[in-house]
Each structure stands twice: as structure tokens, then as C-alpha cells.
Amino acid sequence: MSEAALMDNAFWPVVLMVAGALVTYFWRALGVALSGRIDAGSPLFEWVACVAYAMLAGLIARMIVLPNGPLAETAAADRIAAAVIALAIFFLARRNIGLGVAAGAGALVLMTLGRSWLL
């Protein structure tokens, strides 16, 4: 392969990465510019928040009931117990999302490891 062709092939990934960054930062800047005009208490914003929470709840339920990938290899009882533990810690820790997620993930890992060591 010639040096010109090698340089040409190395050039396009950089151009695509820069273009992707510019597009991303343009939309972020537009969001920052418009965020001061958004009324968080408006009915439209509340509807958007409700839809977002409903989608998140649906995705979490799907991960528990119909898991995909490596999560499918875990026992359903372990997934359900980890979700219950995560929810309990979330509310006990004054709605701290980080602690709830960490507790649920840690519980699932410990239960899965414990089950594999016992069998």
C-alpha cells in the first residue's frame, strides 16, 4: 500500500470523529442556551418526565423478566431479589440512586457467585 493511500485511510476516522464531536457539542450548546426558558413545572415538561420514567420502568422490568445476554444466565429469583434489595436501599437511603444501584448490582453479583460456588 502506498504512503498516500495509508495517509488517506488514517485521515477519515479523524474527520469523522471531529464531525461527530462538533454535532454533539452543537446540540449540547443549543440545549444550554434554551434551558433557561424551560418551565420545569409546565404540563408538557411533566408529561415528558412521566414518559421517561415509564420507559425506564419498562426497561428495568424487561431486564428482570426477559433478560438478554449474560444476564439471561442468572437465576430469575436472583434478579428479582436484587431488584427488591435495590429498591429497599434506594428508599432507606433517602432516594439515593447511587446506593440503590450499587446495592442491587452487588446483591446480584454476590447471589450469582454464591449460587455458582454452592453448585
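Residues are numbered from 1 along each chain as its sequence is written, and side-chain values use heavy atoms, with hydrogens and water left out. Because the model is predicted, local features need pLDDT of at least 70 and side-chain atom pairs count only at pLDDT 80 or more, whereas totals for chains, interfaces and linings use all residues.

Student: At roughly what angle do the axes of helix α3 and helix α4 cross?
Tutor: Helices here are DSSP runs (H or I, at least four residues), numbered from the N terminus, and α3 covers residues 76-92 while α4 covers residues 97-118. Their axes are lines fitted to C-alpha atoms over the stretch in contact, with angles running from 0 to 180 degrees between N-to-C directions. The two axes come within 8 Å, and they cross at roughly 150°.

Student: How are α3 and α4 oriented to each other, roughly parallel or roughly antiparallel?
Tutor: Angles under 35 degrees count as roughly parallel, over 145 as roughly antiparallel, 65 to 115 as roughly perpendicular and the rest as oblique. The axes of α3 and α4 cross at roughly 150°, and the two helices are therefore roughly antiparallel.

Student: By class, how many nonpolar, polar and charged residues does the contact of α3 with α4 have?
Tutor: Contact means heavy atoms within 4.5 Å, and on the α3 side the residues that meet α4 include Ala82, Ile85, Ile89 and Phe90, while those in α4 include Leu99, Ala103, Leu108 and Met111. Ala, Val, Leu, Ile, Met, Phe, Trp, Tyr, Cys and Pro count as nonpolar, Asp, Glu, Lys and Arg as charged, and the others, Gly among them, as polar. By these classes, the contact has 12 nonpolar, 3 polar and 3 charged residues.

Student: Which side chains meet in a salt bridge?
Tutor: A salt bridge is a side-chain nitrogen of Lys or Arg within 4 Å of a carboxyl oxygen of Asp or Glu, and the structure holds 1. Its partners are 37 residues apart, one in helix α4 and the other in helix α3. With an N to O distance of 2.7 Å, the pair is Arg115 and Asp78.

Student: Which class, buried or exposed, does Asp78 fall into?
Tutor: Buried means under 20% relative accessible area, exposed over 50%, and partly exposed in between (1.4 Å probe, protein chains only). Arg115, at 38% relative accessibility, counts as partly exposed. Asp78 has a relative accessible area of 4%, so Asp78 is buried.

Student: With which residues is Thr74 in contact, leaving aside its neighbours within four places in sequence?
Tutor: Thr74 is found in the loop between α2 (43-65) and α3, and at 13% relative accessibility Thr74 counts as buried. With those neighbours left aside, the residues in contact with Thr74 are Arg79 and Thr112.

Student: By class, what does the contact of α2 with α3 have?
Tutor: The axes of α2 and α3 come within 8 Å and cross at roughly 145°. The contact is made by Met63, Ile64 and Val65 of α2 together with Arg79, Ile80 and Ala83 of α3. By class, this contact of α2 with α3 has 5 nonpolar, no polar and 1 charged residues.

Student: What is the phi of Arg94?
Tutor: Most residues other than glycine have a negative phi. Arg95, in the loop between α3 and α4, has a positive phi near 60°, and Arg95 counts as exposed at 60% relative accessibility. Arg94 is placed in the loop between α3 and α4 and counts as exposed at 79% relative accessibility. Although Arg94 is not a glycine, its phi is positive, at about 55°.

Student: What separation do the C-alpha atoms of Val109 and Ala82 have?
Tutor: Val109 lies in helix α4 and is partly exposed, with a relative accessible area of 48%. Val109 and Ala82 are 27 residues apart along the chain, and their C-alpha atoms are separated by 8.9 Å.
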